[in-house]
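Okay, thanks everyone for coming.

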Amino acid sequence: MNRVGPLFLSDLEMASLKIAARREGLDVGAFAAIAAVSAAEQQLTLIPLDRRQEMAEFVTARVVLNRIGNDLNQLVRALTNGDEELAAQAVLRSIGHAIRKVEAAADHIARNGKRD
């Protein structure tokens, strides 16, 4: 076991901590202290590796939803110019795509169950 302050770490945990500290240009103790305080002050959100894909799905859905907002603006412009059918179809496709992405991410989380 490795010790950093009052923490006892496995060899793998210590290696990970050393790599992260080196990446930030800090010694291990300073890095551990900053990470712990940041998490305690909710300035740092810790995301388990198995949840990162789920988060990526929601980020992708958010990007699609932002595009829908842009498409809606274009639809309003098209409606004022009389070109509503093609613009409306494009917006509906974007909305459908966004709904499917959000539903897929929510289904994935529901299938994997709530983690404490």
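**Starting with helix H1**

In H1, the buried residues are Met14, Leu17, Ala20 and Ala21. Look down the axis of H1 and those buried residues fall within an arc of 130°, so they line one face of the helix. Now turn to the other side of H1, and you'll find Asp11, Leu12, Arg22 and Arg23 exposed. Before I go on, please keep in mind that this is a predicted model.

A bit more on H1 itself. The helix covers residues 11-24, which makes 14 residues. From first C-alpha to last, H1 reaches 20 Å, close to the 20 Å expected at 1.5 Å a residue. Just after H1 comes Gly25, with a positive phi of about 75°.

How many salt bridges does a search of the whole structure find? The search turns up one. The partners are Arg23 and Glu24, whose side chains meet at 3.9 Å, N to O. As background, side chains of opposite charge can pair when their charged atoms come close. And is Arg23 buried or exposed? Arg23 has a relative accessible area of 59%, and the cut-off for exposed is over 50%, so Arg23 counts as exposed.

Okay, zooming out for a second. The protein has four helices and two strands. Reading along the sequence, you get the pattern β-β-α-α-α-α. There are 116 residues, and 21% of them count as buried. The accessible surface comes to about 8,900 Å², with 57% of that belonging to carbon and sulfur atoms. On contacts, take those between residues at least 6 apart in sequence: 41% of them join residues at least 24 apart.

Now back to the start of the chain. Asn2 is in strand S1, residues 2-4. With 22% relative accessibility, Asn2 counts as partly exposed. What does Asn2 touch, once you leave aside neighbours within four places in sequence? The list is Leu7, Phe8, Leu9, Ser10, Asp11 and Met14. Met14 is one of the buried residues of H1 that I opened with. Ala15 is 13 residues along from Asn2, and their C-alphas are 9.8 Å apart.

Next up, helix H2. This helix runs over residues 28-40. H2 has 13 residues and reaches 18 Å from first C-alpha to last, close to the 18 Å expected at 1.5 Å a residue. Which residues of H2 are buried? They are Val28, Phe31, Ala32 and Ser38.

Phe31, in H2, counts as buried at 17% relative accessibility. Apart from neighbours within four places in sequence, Phe31 is in contact with Leu17, Ala20, Ala21, Glu24 and Leu26. Leu17, Ala20 and Ala21 are among the buried residues of H1, and Glu24 is the salt-bridge partner of Arg23. Phe31 and Ala21 are ten residues apart in sequence, with 5.4 Å between their C-alphas.

The other one is Ser38, also in H2. Ser38 is buried, with a relative accessible area of 15%. Its contacts, again leaving out neighbours within four places, are Gln43 and Leu44. Following H2 we meet Gln42, which has a positive phi, near 55°.

Not counting residues up to four places away, Glu57 touches Lys101 and Ala105. Glu57 and Ala105 are 48 residues apart in sequence, yet their C-alphas are 5.8 Å apart in space.

H4 is residues 84-112, and Val102 is found there. Val102 is partly exposed, at 31% relative accessible area. Together with Phe58 and Leu65, Val102 makes a nonpolar surface patch of about 220 Å².

How values were computed. Residues are numbered from 1 along each chain as its sequence is written. This is a predicted model: local features need pLDDT of at least 70, side-chain atom pairs count only at pLDDT 80 or more; totals for chains, interfaces and linings use all residues. Side-chain values use heavy atoms; hydrogens and water are left out. Buried means under 20% relative accessible area, exposed over 50%, partly exposed in between (1.4 Å probe, protein chains only). Contact means heavy atoms within 4.5 Å. The expected span of a helix is 1.5 Å times one less than its number of residues. Accessible areas come from the Shrake-Rupley method with a 1.4 Å probe; for residues, only the protein chains shown count as cover. Patches are made of residues with over 30% relative accessible area and no salt bridge: like charges are joined within 9 Å, nonpolar side chains (Val, Leu, Ile, Met, Phe, Trp, Tyr) within 5 Å. A salt bridge is a side-chain nitrogen of Lys or Arg within 4 Å of a carboxyl oxygen of Asp or Glu. The arc is that of the directions from the helix axis to the C-beta atoms.
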